[in-house]
Amino acid sequence: GGAVYENRKGSSSVWKADTLVMDYLNGSPYTFGLAVSPTSGETVGMGLVGFSVIPESSSLPLSTSRIVKRVGFFARDTLAFGRRVSLSLGLRFDRSDTQVLYIAKGSVGNDVAVSIGTALINPVYGFNPFGAGAYAQLDSMIVWNSLSPRFGLSIDLLGTGRTFLRASYARLPEDLGLGYMKQLDPISPDRIHDFYWYDENGDGKVDVNDTYVAFPYNYNIYTGLYSRRIAPKLRAPVTSEWTAGLEHELAPDFTLSARYISRSQKGGIGDVMYDPDTSQAWYSAQNSPAGWWVPFTTTVPASEAYPATSVTVYLRSTTAPAAFDRIQSVPELTWKYRGLEFSFRKRMTHNWQLNGSIVWSRSTGTSGLATLLSTGMTSAVLTPNSFVNLGADSRSSLDRPLAIRAMGTVRFKYDFYLSAYYRFMSGSPWGRTVTIVPPAAWAAENGVDVSPVTVYLETPGSQRHSSFQSTDLRLEKAFLRDGKARWSVYLDVLNLFGDKYRIIDYNDGTW
């Protein structure tokens, strides 16, 4: 048995001279083409611009510090049944707590952003997110209590100590790392606030005298409602793992093994659309109140590489609540891994050793893929569009159908060692995406927001990047001092034969 205490702290400090983010369409800043200005009534260029809240001055940057504290206890034991069967049992408990320290920041370096915040946001919410501000310390925003049982079985099939049947099972709670903590920042450098921009003077530049219309965003996220961003009693996602395999010692120094591995996870944690007034999550078209999402079906034209493709996206209704997001368990976020591994191991005898494995596997699910559809520096929030053409059988971003590894070492005279390490992996999967802007007339007629939405045009895994392989070498000289202390000097040659690859992006862009 034993215990562990861990204290992790991550800090960042960010400043930026200008926080403007512009969207271009075919080189033009007018993302939506020409439109009638709500202020002047003139037909002008209409674009999509955004501003982050990062301050301008390095003397008063956006400095954040996050802390995770964990205390854990574990116990394990092995039971023997006769001489041929043994059972190992383990149990682990971990408690993790979080803390976000006091935050202060200066004003952003873009006069337009400050002006927009003063004119459009401050009258409604009572503050300007682009101005200077301070945020109190937050304690215990997430607390995880995780219990992890583990079992292992080993059977000496022939009673010779050379052929074993092995199996194991474990429930592995996810670690509450600093990556989760990043989502807890009350004011985040990743968050960009978007606005519709009407270029009144037609100069293609974002000016103070142009017209801006705010996206429907709930800026109370910076106030007391911030605590509503974290679902109560949020629990750690748990991976269930079981393995079964056969191991046989062909010779005293050479072993072969085959193993089947299964891992699965349900209910991953996601950042979803949420209405704090009604306590209603609305990231799913099926489970959202009627009228909050309006479906729009269109056909993306054929390109040189791909045929025309029809797709249905979901557009936010103008009667839906202002955007507010919450971190919670999402049943639709799943992940599954199945793998068959063959390996061999020749121990260091006769001055050489060699280990290797071949793995055929399949990794599917929505976790990690539904969050890829981010724009600019913003973190993606789950909406019905996050799951278009993305199902539980989609290849996950970690899917590598074939993986080969081999490592060997030769020992020469005078304690010189030469080692080589070879790796091969199938290329990572991907699927085409498209950003869709609905026709302005249709949007007005159906009462929907014309904000661009990005969806998959095909299931991830329909396309795959090139495979990867590399070979590394190490030459090492070991020394023995006074027959007691051992030390070594080594030289590494990484990627001996060079690894070259190219990625050709055939995505359809914006329609």
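The predicted model contains 16 salt bridges, each being a side-chain nitrogen of Lys or Arg within 4 Å of a carboxyl oxygen of Asp or Glu. This is a predicted model in which local features need pLDDT of at least 70 and side-chain atom pairs count only at pLDDT 80 or more, while totals for chains, interfaces and linings use all residues. Residues are numbered from 1 along each chain as its sequence is written, and side-chain values use heavy atoms, with hydrogens and water left out.

Side chains of opposite charge can pair when their charged atoms come close.

| Pair | Closest N to O distance |
|---|---|
| Arg229 and Asp325 | 2.6 Å |
| Asp472 and Arg423 | 3.9 Å |

In the salt bridge between Arg229 and Asp325, Arg229 sits in the loop between strand E12 (211–214) and strand E13 (238–251), and Asp325, 96 residues away, belongs to strand E19 (residues 325–330). Helices (H or I, at least four residues) and strands (E, at least two) are DSSP runs, numbered from the N terminus. Arg229 is buried at a relative accessible area of 1%, and Asp325 is buried at 7%. Here buried means under 20% relative accessible area, exposed over 50%, and partly exposed in between (1.4 Å probe, protein chains only).

Asp399 is buried, with a relative accessible area of 0%, whereas Arg464 is partly exposed at 31%.

Asp472 and Arg423 also form a salt bridge; Asp472 lies in strand E28 (residues 468–481) and Arg423 in strand E23, so this pair joins parts 49 residues apart in sequence. The relative accessible area is 15% for Asp472, which is buried, and 26% for Arg423, which is partly exposed. Elsewhere, salt bridges with shared partners connect Glu6, Arg8, Arg70, Arg92, Asp94 and Asp175 in one network.

Turning to the whole chain, there are three helices and 30 strands. The C-alpha atoms fill a box of roughly 90 × 55 × 50 Å along the principal axes. Of the 511 residues, 42% are buried. Among contacts (heavy atoms within 4.5 Å) between residues at least 6 apart in sequence, 72% join residues at least 24 apart.

Phe497 is found in the loop between E29 and strand E30 (509–510) and is exposed, with a relative accessible area of 62%.
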